[in-house]
Amino acid sequence: SIIIPVQNINDYIIETCSKLRALDKKNFEVLIFPDALEDNNDELERTLGAKIVASGKVSPATKRDMAMKYAKGDILAFIDDDAYPQKNWLNVAEQYLKNANMIAAIGGPQLTPPHDSFWQKVSGAVFLSPLSGRALIRYWPGTKIQEVDDWPTVNFLIRKDDFIKIGGFDSRYWPGEDTKLCLDITKKLGKKILYIPDLVIYHHRRAGLRKHLKQIGNYGLHRGYFAKKFPETSRKFIYFVPSILVLFVVCGGLASLLYKPLAKLFLFGLTIYFLAVLLATISIWRKMKDFLISATTIPYLILTHLWYGVKFIQGLVFTTTLKSKLGK
């Protein structure tokens with residue numbers, strides 16, 4: 001059962017459904033959960049090849065939880081409305097979920113569609129930076145199958161019985177509900193989540209710096225909050241690095257102004273960081289093969305690191321509760 005949460009039927013989901021109809025494997029159903037039904041719902045169901053169920057104005061996590069009631073398949077395949085899979089998506093998935101019961105879920109990379117706009121490609125290219133650490137395999141196929149303890153639901157398949165056992169998503173949180181789900185899989189069930197490099201989908205990126213930073217800010221805020229709320233998977237050093245950079249820039253800059261001998265040390269640190277960004281840009285160019293897009297990622301990368309770091313500190317230190325405004 002392929003599950004797609006959405007606010008309303010849009011051009012992206014029309015594209016998604018057309019790609020789903022082209023999948024090599026045909027034994028699946030598509031369930032779409034919009035806030036409300038359109039007047040021509042019957043016609044839309046025929047056109048999209050999907051069952052459309054109104055959810056009300058609730059979070060994507062709550063919409064996905066509705067799969068426990070409506071889905072007929074043994075496997076729940078979660079994908080976003082602005083994403084679409086490669087043709088062999090379900091064939092690849094079946095290899096790893098058919099018999100291995102200790103594997104509860106699998107996920108794969110989300111690539112930027114080749115027909116995205118220039119600024120969407122710049123936004124996507126930021127995620128290809130080696131400075132992203134292990135998160136790089138989320139956006140570019142890795143070299144091996146490996147266990148992971150946290151994976152986004154834009155490309156995520158889970159056994160329905162395991163999903164029911166853990167009660168679905170903790171819909172109090174959005175975004176971040178996928179982190180909580182994965183924590184429940186690995187800790188409560190004691191089962192595995194596998195990263196499969198060949199389990200590829202394409203995910204449209206944010207167009208423009210403002211939308212890009214808004215998305216990054218949400219990631220940072222929730223990860224900071226989860227670092228204190230769910231330390232098992234979120235209290236990792238790599239998540240703190242952007243905040244360390246922010247503290248270095250702010251505190252180091254002020255200290256170098258007040259005490260001149262520190263100025264050289266501060267400039268040395270900045271030089272090291274900018275060299276790292278330059279090397280990251282070269283690495284992005286090797287993947288993208290587009291000089292202009294790669295070069296444009298330089299300011300995007302710097303602002304991404306700084307804004308994520310600021311919002312992470314906000315979530316870690318100043319946020320006492322972080323629940324979805326949509327709720328259940």
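This is a predicted model: local features need pLDDT of at least 70, side-chain atom pairs count only at pLDDT 80 or more; totals for chains, interfaces and linings use all residues.
Two packed helices are described by the angle between their axes and the distance between the axes. For helix α11 (residues 237-258) and helix α12 (residues 261-288), the angle is about 155 degrees and the axes are 9 Å apart. Angles over 145 degrees count as roughly antiparallel, and α11 and α12 are therefore roughly antiparallel to each other. The crossing of α11 past α12 is left-handed. On the α11 side, the contact is made by L245, F248, V249, G252, G253, A255 and S256. On the α12 side, L262, A263, F266, G269, L270 and Y273 take part. By class, the residues of this contact of α11 with α12 are 9 nonpolar and 4 polar, with no charged ones.

The crossing of α9 and α13 is right-handed. The contact of α9 with α13 divides into 14 nonpolar, 7 polar and 3 charged residues.

Between α12 and α13 (291-318) there is a loop, and K289 is located in it. Most residues other than glycine have a negative phi, and most peptide bonds are trans. K289 is not a glycine, yet its phi is positive, at about 60 degrees. The relative accessibility of K289 is 60%. Exposed means over 50%, so K289 counts as exposed.

The strands come next. Strands of a sheet pair through backbone hydrogen bonds, either parallel or antiparallel. Strand β11 (residues 201-203) runs parallel to β7, and 2 bridges join them. Within this pairing, L111 has Y202 in β11 as its bridge partner.

Strand β10 (residues 192-195) pairs with strand β6 (residues 103-107) in the parallel sense, over 4 bridges. Opposite G107 stands Y195 in β10. The pairing of β10 with β8 is antiparallel and has 3 bridges. There, I193 in β10 is the bridge partner of V148.

Two further residues are treated one at a time. D162 belongs to helix α7 (residues 160-165). Its relative accessible area is 0%. Buried means under 20%, so D162 is buried. Apart from residues up to four places away in sequence, D162 touches A104, L189 and K191.

F127 lies in the loop between α6 (118-126) and β8 (146-148). With a relative accessible area of 8%, F127 is buried as well. Setting aside neighbours within four places in sequence, F127 is in contact with S132, L136, Y139, H212, Q215 and I216. F127 and I284 are 157 residues apart in sequence, while their C-alpha atoms are 8.9 Å apart in space.

Key
Residues are numbered from 1 along each chain as its sequence is written. Side-chain values use heavy atoms; hydrogens and water are left out. Axes are lines fitted to C-alpha atoms, for helices over the stretch in contact, and angles run from 0 to 180 degrees between N-to-C directions. Angles under 35 degrees count as roughly parallel, over 145 as roughly antiparallel, 65 to 115 as roughly perpendicular and the rest as oblique. A crossing is left-handed if the near helix is turned anticlockwise from the far one by less than a right angle, and right-handed if clockwise. Contact means heavy atoms within 4.5 Å. Ala, Val, Leu, Ile, Met, Phe, Trp, Tyr, Cys and Pro count as nonpolar, Asp, Glu, Lys and Arg as charged, and the others, Gly among them, as polar. Two strands pair if DSSP finds at least two bridges between them. Buried means under 20% relative accessible area, exposed over 50%, partly exposed in between (1.4 Å probe, protein chains only).
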